[in-house]
Amino acid sequence: KETEEVFKVKKSSYSKKIVKQLKKEYKEDLEKSKVRTEVNSPTDVEPPLEKTGQIKDIGQEDGTANSEHGEEEMEVESEKEEEKPKAGGAFSSALSSLNVLRPGEIPDAAFIHAARKKRQMARELGDFTPVDSEPGKGRLVREDENDASDDEDDDEKRRIVFTVKEKSQRQKIAEEIGIEGSDDEALVAGEQDEELSRWEQEQIRKGINIPQVQPSQPAEVNNLYYQNTYQTLSYGSSYGIPYTYAAYGSSETKSQKTDNTVPFKTPSNEMTPVTIDLVKKQLKDRLDSMKELHRANRQQYEKHQQSREDSTKAIERLEGSSGGIGEQYKFLQEMRGYVQDLLECFSEKVPLINELESAMHQLYKQRASRLVQRRQDDIKDESSEFSSHSNKALMAPNLESFGRDRVIYQEQVKRRTAEREARRARRRQAREQTGKMADHLEGLSSDDEETSTDITNFNMERDRILKESSKVFEDVLESFYSIDCIKSQFEAWRSKYFASYKDAYIGLCLPKLFNPLIRLQLLIWTPLEGKCRDFETMLWFESLLFYGCEEQEQVKDDADISLLPTIVERVVLPKLTVISENIWDPFSTTQTSRMVALVQKLVDGYPTVMNAENKNTQMLLKALLLRMRRTLDDDVFMPLYPKNILENKNSGPYLFFQRQFWSSVKLLGNFLQWYGILSNKTLQELSIDGLLNRYILMAFQNSEYGEDSIKKAQSVIACFPKQWFANLKGDKTISQLENFCRYLVHLADTIYRNSIGCSDVEKRNAREHIKQIIKLLASIRALDHAVTVANDHNVKELKILIEGK
């Protein structure tokens with residue numbers, strides 16, 4: 001049972017606490033058996049030992065129990081025991097026999113008693129370390145207590161009373177230095193832990209050193225197993241005895257160990273005989289394998305050489321090109337910083353430029369609106385003055401028809417009338433000085449004169465705007481507002497690194513980049529004025545004229561080629577749109593001629609811009625049409641008077657009527673100047689349907705039939721573009737002129753009827769007038785009406801008149 005507990009501790013993985021508890025129980029059982037042996041066997045009597053196995057067990061138990069203190073402590077105890085003087089007798093002989101016990105010899109009772117006494121003396125000297133973990137109690141006291149608990153039915157006389165255990169050397173030293181019992185216990189516990197670890201290692205070595213029993217000896221299995229379990233733990237090592245029977249073992253054990261060895265079979269030394277051919281063959285095979293290996297290494301070497309050459313070339317190539325890439329990177333970084341600074345500058349200055357441009361446009365718009373409003377007021381004043389209802393209007397006491405104070409209104413009318421007549425007198429005087437008085441007709445001149453006050457205010461405001469415009473870039477370096485400096489930066493980029501220049505779409509960005517600077521230069525540019533410069537002679541145009549036109553071969557789809565057309569599209573056309581809508585006066589022949597000339601120049605010089613698909617061009621044409629329609633609706637007025645009033649050619653109504661008629665004819669001519677720019681359908685709708693048939697024909701019907709009407713008709717026909725009638729087929733003119741043609745036929749009939757009964761001179765004059773009417777009809781390709789007039793009035797020179805048209 002004890003042996004099984006030992007092996008359980010060896011084989012299982014118990015915790016330290018469990019191992020300690022097992023060890024304690026094992027020691028207590030061992031001490032109990034020893035006490036029983038001492039009580040039953042007196043010291044001086046040697047009992048007969050019949051059962052050798054029991055004695056062996058006791059010796060083994062003793063040895064096993066004491067193995068926990070270690071071999072070193074046993075040797076120390078043995079040395080101390082030898083040094084102490086002892087009396088003779090049986091104990092001395094037994095003590096001396098401890099050194100002469102032969103291996104395999106069974107110890108007698110005296111030998112066992114001497115061993116125990118030696119052990120007790122070692123305890124009393126204080127050099128023996130107890131195994132029990134309880135502090136303050138000796139091993140023998142615990143053994144006595146255990147014996148008392150186990151044999152409480154035995155007689156008290158059989159108990160052995162032990163002496164009080166003396167304090168160990170370590171405890172004495174601890175008391176002298178003042179360490180409490182708990183500290184001593186801590187020291188003892190540390191030693192016990194160290195002793196426990198040594199005991200565990202010893203148990204593990206026991207398990208490893210147990211020999212295996214051969215199955216051929218089944219009768220001795222139990223005895224061998226029991227003996228070999230404690231074989232490594234010698235009896236003498238526990239008590240300091242130099243010789244033990246377990247250490248050497250019996251002869252049977254030695255022979256058994258010899259029998260357990262496995263015999264080693266000597267390998268055979270037979271080898272194939274070596275011949276010269278065999279050696280040659282092996283050398284040849286080895287040479288072939290080395291050649292093959294050499295060939296593979298050679299190929300690998302050549303491959304590495306080629307890779308090295310390629311890498312060297314790549315390095316040289318990259319080193320050669322790295323300088324250019326570095327310079328390009330540096331240049332592009334500089335351009336990036338420059339462009340960012342330029343955009344930041346423009347983001348701050350563009351709002352100022354927009355404000356200045358709006359202020360200038362507003363200034364010109366106010367002047368144009370003032371002139372138009374003055375003309376409309378003059379027409380209203382004259383119409384009210386010469387109207388047949390004017391007398392009824394004067395009968396109102398204090399208010400006029402719009403509820404205004406009549407006195408104030410009359411004063412304003414008088415003031416406007418005086419100013420109007422003064423302007424007309426100045427124009428008449430100017431015509432007399434130039435010799436154009438005979439050819440002039442009232443209503444053909446444009447009343448666009450301004451007073452000195454208006455001129456002064458206008459010039460002051462314009463100068464103020466120009467002064468502010470000059471201060472826009474006064475706090476900016478020249479490289480950020482000069483078109484030449486900005487252009488040179490991008491020209492350098494284009495010439496050095498065209499690929500990156502093209503990839504960045506700089507050609508598409510430049511028009512927008514130059515837009516604010518060009519608009520600032522075009523701030524006072526107004527093509528309606530005679531002193532205005534042509535935009536193609538300005539500095540910005542000349543600076544950008546040859547941009548992107550280097551001597552090198554032009555790249556296909558190069559956006560820089562269309563730089564100026566794009567600027568014209570995005571800068572000039574929007575400005576012309578504003579001018580056409582707010583500043584241009586269609587009644588002014590001079591302004592209309594200049595506007596038409598400029599637009600025609602753009603059509604001829606920039607065909608990619610002035611086309612029907614361009615958005616800015618469409619906006620410009622829409623602005624022109626809008627302004628013409630507004631003029632046709634608001635500014636054209638044709639008075640109607642009875643013929644008896646118009647017979648007096650010096651009267652005010654007659655002069656007002658003539659002035660309005662000729663102003664309408666002038667407007668018709670101004671409209672038809674846009675031929676080739678606006679479509680024929682649009683022009684015919686405005687000029688013929690909107691002006692001729694609506695206003696001018698009404699004036700023809702109220703005019704005197706005669707030479708004056710023919711002259712007016714010739715002036716109207718002179719306004720028509722000849723291209724309208726050049727490609728007409730058949731004998732009919734365009735449909736919109738049918739009413740005008742019927743009027744001419746009626747005029748010829750009226751002239752012929754008025755000549756009946758008159759003198760021959762008047763008849764010849766009437767016939768000449770009829771021939772002129774036929775020519776007029778032929779000039780507008782109304783051949784059917786010309787033939788009708790010729791047949792009705794017996795005109796035989798029809799063919800000559802038609803061909804001489």
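Helix 28 (residues 707–719) holds both D708 and K712, 4 residues apart, about one turn of the helix; helices here are DSSP runs of H or I, at least four residues, numbered from the N terminus. The two residues form a salt bridge, the closest N and O atoms being 3.3 Å apart. A salt bridge requires a side-chain nitrogen of Lys or Arg within 4 Å of a carboxyl oxygen of Asp or Glu. K712 is buried at 0% relative accessibility, whereas D708 is partly exposed at 30%. Buried means under 20% relative accessible area, exposed over 50%, and partly exposed in between (1.4 Å probe, protein chains only).

The model is predicted: local features need pLDDT of at least 70, side-chain atom pairs count only at pLDDT 80 or more, and totals for chains, interfaces and linings use all residues. Residues are numbered from 1 along each chain as its sequence is written, and side-chain values use heavy atoms, with hydrogens and water left out.

The whole structure contains 26 salt bridges. D285 is partly exposed, at 39% relative accessible area. E536 and K601 also form a salt bridge, with the closest N and O atoms 3.3 Å apart. This pair links distant parts of the chain, 65 residues apart: E536 lies in the loop between helix 20 (506–521) and helix 21 (539–544), and K601 in helix 23 (residues 589–605). E536 is partly exposed at 25%, as is K601 at 28%.

The largest nonpolar core has 126 residues, of which F490, F535, W540, W674, F720 and F740 touch the most other members. Helix 14 (residues 276–386) supplies the largest share, 12 residues. Such a core joins buried Ala, Val, Leu, Ile, Met, Phe, Trp, Tyr and Cys residues through side-chain atoms within 4.5 Å. Beyond four places in sequence, W540 contacts I483, I518, Q521, L522, F535, L564, I567 and V572; contact means heavy atoms within 4.5 Å.

In helix 16, the buried residues are R406, Y409, V413, R416, R420, R423, R424, R427 and R431. Just after this helix, G435 takes a positive phi of about 80°.

The chain averages a pLDDT of 75, and 68% of the residues score at least 70. pLDDT is the predictor's confidence in each residue, from 0 to 100. Over residues 128–165 it is below 50, yet this stretch has 62 contacts beyond near neighbours in sequence. Residues 389–397 stay under 50, with 5 contacts beyond four places in sequence. Where pLDDT is low, the predicted coordinates should not be read in detail.

Technical notes. Helices (H or I, at least four residues) and strands (E, at least two) are DSSP runs, numbered from the N terminus.
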